[in-house]
Amino acid sequence: TQTLKERLAELIPAEIENVKAVRKEHGAKAFGQVTVDQVYGGMRGLPALLWDGSVLDAEEGIRFRGKTIPDCQAQLPKAPGGSEPLPEALFWLLLTGEVPTPEQTQALSKEWAARAQLPEFVEEILDRCPPTLHPMTQFSMAVTALNHDSAFAKAYQQGISKKDYWGPTFEDSMDLIAKLPNIAGRIYRNVFGKGKLPAIDPSKDYSANLATLLGFGDNEAFVELLRLYVVIHSDHEGGNVSAHTGKLVGSALSDPFLAFGASLNGLAGPLHGLANQEVLIWLRKMKAQIGDDISDEKIKEYVWATLKGGQVIPGYGHAVLRKTDPRYTAQREFALKHLPDDPLFKLVGQIYKIAPDVLLEAGKAKNPWPNVDAHSGVLLTYYGLDQMNFYTVLFGVSRAFGVAAQLIWDRALGAPLERPKSYSTEAIKKIFANK
Ligand code: CMX
């Protein structure tokens with residue numbers, strides 16, 4: 001059967017022609033106006049980036065190469081006896097727009113297992129980190145250090161031709177994804193005193209290995225959760241902080257390790273990926289304050305108190321979405337199937353009935369509905385992974401899939417250095433002085 005790299009090599013020439021044709025026909029057309037408010041307002045809604053793996057609709061949520069999360073659950077290959085899609089298959093889909101065969105999916109599991117080992121010095125870097133250093137900081141350091149063995153950086157030094165950039169970028173991306181379970185597992189075990197890291201099993205899929213490295217490999221339901229988790233966290237179009245950062249840094253021809261290390265530093269922010277940690281902290285505080293018998297009225301008061309304290313409700317709101325995040329819904333459905341009576345799950349469901357009305361009444365947030373981070377921690381906690389400052393690492397493992405896929409395409413399509421225009425407030429005043 002054909003490998004992912006072989007299939008990609010077939011698809012690239014046609015896509016280069018496709019892009020040429022689009023630019024020839026539409027290149028000079030305008031999307032619309034750019035307002036001064038967008039410059040001050042975090043570029044919200046500004047059409048500025050090409051991103052092929054996924055597109056986000058404000059009402060409907062994410063589609064990976066045109067497929068919704070339920071489509072992926074129905075159509076992508078699964079593990080024997082499993083019902084969640086395999087992240088291996090999702091990566092193939094993100095890169096090619098096609099659903100791989102079960103054999104092709106399995107070949108990716110094998111290839112990633114074969115590439116999983118870390119250089120010894122990276123293991124040492126992690127082992128020397130104090131357990132008080134945040135897991136995301138450790139994660140970013142280790143990923144950045146993998147640049148030591150980058151095929152792209154080496155090929156560039158040897159004078160590789162621009163048209164061949166995608167090949168070593170692909171190799172680095174495969175290595176990056178393959179090595180993440182060992183990095184994540186090592187951080188988890190070091191920080192939380194969980195003993196020695198077991199070896200990767202080449203006969204197991206990516207998520208099963210990740211679960212084993214974290215110490216939960218015997219729990220098949222947890223492995224299924226990780227499969228779903230990685231798929232839904234993989235990609236969320238190009239403008240979010242982690243995706244855009246990876247693309248931006250990659251545009252300087254920094255290799256995938258440097259580019260994705262930068263993505264992780266953005267994901268580590270509380271308004272982005274760290275929100276999954278913040279949700280759990282917020283829930284625990286709520287329980288500590290209110291006790292176990294939590295009425296709707298008490299929740300309402302707690303949500304109001306958070307807002308009045310000048311803080312955000314973590315896990316609620318979104319820069320693009322205007323409805324409940326389908327990634328939240330997918331996790332809720334998983335919970336209904338596997339842990340319907342879990343008290344923390346019930347609490348999250350209860351908050352879902354209350355927080356949106358409070359946010360609407362407060363009148364600031366454009367989207368009062370929950371996002372992906374409102375639900376993920378509760379599922380992990382249920383299976384015993386209750387060290388919440390580790391949660392964003394799992395988001396990071398997943399986000400590598402989307403960022404890597406676009407980095408490969410960016411190099412294949414010869415994407416240029418990113419360099420938008422900036423203005424000072426004085427310059428803006430001058431430009432519009434007489435308009
Ligand atoms: N709680 C309280 N206030 C909120 C809010 C929330 N959950 N969501 C938005 N707001 C506020 C904003 O802080 C902003 O206030 P100011 O005008 O005082 O600055 C106002 O409502 C308008 O913001 P917005 O246009 O609705 O939202 P943005 O596009 O600026 O920001 C986001 C989006 C996600 C950062 C914001 O909704 C938020 O802070 N949510 C909580 C953190 C969170 O869950 N982040 C995870 C997002 C998903 C992910 O990336 O992982």
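# Close-up views of a predicted model

L253 sits in the loop between α12 and α13 (256–267). The model shown in every view is predicted.

**View 1. L253, a residue with positive phi.** The phi of L253 is near 65°, a positive value in a residue other than glycine. Most residues other than glycine have a negative phi. The relative accessible area of L253 is 25%, so L253 counts as partly exposed.

**View 2. E237, in the loop between α11 and α12 (241–250).** E237 is not a glycine, yet its phi is positive, at about 55°. How exposed is E237? With a relative accessible area of 21%, E237 is partly exposed. The cut-off matters here: buried means under 20%.

**View 3. L258 in helix α13.** L258 is partly exposed, at 31% relative accessible area. Neighbours within four places in sequence are left out of the contact list. Beyond them, L258 is in contact with T144, N147 and V249. W166 gives a reference distance: L258 and W166 are 16 Å apart, C-alpha to C-alpha. In sequence, L258 and W166 are 92 residues apart.

**View 4. Q38 in helix α2 (residues 36–40).** Q38 is buried, because its relative accessible area is 16% and the limit is under 20%. What does the side chain of Q38 reach? It reaches the backbone oxygen of R44, at 3.1 Å.

**View 5. C72 and C129, two buried residues.** C72 has 0% relative accessibility and counts as buried. C129 is buried too, with a relative accessible area of 12%. How many disulfides does the whole structure hold? The search finds zero.

**View 6. The largest nonpolar core, with 109 residues.** Which residues have the most contacts inside this core? They are F91, F139, I183, L283 and L385. Helix α19 (residues 391–412) gives the most to this core, with 14 residues. In soluble globular proteins, nonpolar side chains tend to be buried together.

**View 7. L385 and the residues it touches.** L385 is one of the residues with the most contacts inside the largest nonpolar core. Residues up to four places away in sequence are not counted here. L385 then touches Y188, L214, F216, F222, L380, F390, Y391 and L394.

View 8. The structure holds 19 aromatic pairs. In this one, the ring centres of F192 and F390 are 6.5 Å apart and the planes stand at 85°, so the pair is edge-to-face. The pair links distant parts of the chain, 198 residues apart. F192 belongs to helix α9 (residues 166–192). F390 lies in the loop between α18 (373–382) and α19. Are the two residues buried or exposed? F192 is partly exposed, at 22% relative accessible area. F390 is buried, at 0% relative accessibility.

**View 9. F222 and Y383, an edge-to-face pair.** Their ring centres lie 5.9 Å apart, with the planes at 70°. F222 is in helix α11 (residues 220–233), whereas Y383 is in the loop between α18 and α19. The pair therefore ties together parts 161 residues apart in sequence. Both F222 and Y383 are buried.

**View 10. A cluster linked by ring pairs.** Which residues do ring pairs link into the cluster? They are Y188, F192, F216, F222, Y382, Y383 and F390. F222 and F390 are also touched by L385.

**View 11. K421 over the ring of Y423.** The charged end of K421 sits 4.8 Å from the centre of that ring.

**View 12. K162, in the loop between α8 (151–157) and α9.** K162 is exposed, with a relative accessible area of 55%. L413 is 251 residues away from K162 in sequence. In space, the C-alpha to C-alpha distance between K162 and L413 is 9.8 Å.

How values were computed:
Residues numbered from 1 in each chain as written. Predicted model: local features only at pLDDT ≥ 70, side-chain atom pairs only at ≥ 80, totals over all residues. Heavy atoms only, no water. Helix = DSSP H or I, 4+ residues; strand = E, 2+ residues; numbered from the N terminus. Buried < 20%, exposed > 50% of the residue type's maximum accessible area, 1.4 Å probe, protein only. Polar contact = N/O pair within 3.5 Å; in protein donor to acceptor, adjacent residues only side chain to side chain. Disulfide = S-S within 2.5 Å. Core = buried A, V, L, I, M, F, W, Y, C linked by side-chain atoms within 4.5 Å. Contact = heavy atoms within 4.5 Å. Phe/Tyr/Trp six-rings, centres within 6.5 Å; stacked < 30°, edge-to-face > 60°. Lys NZ or Arg CZ within 6 Å of the ring centre and 35° of its normal.
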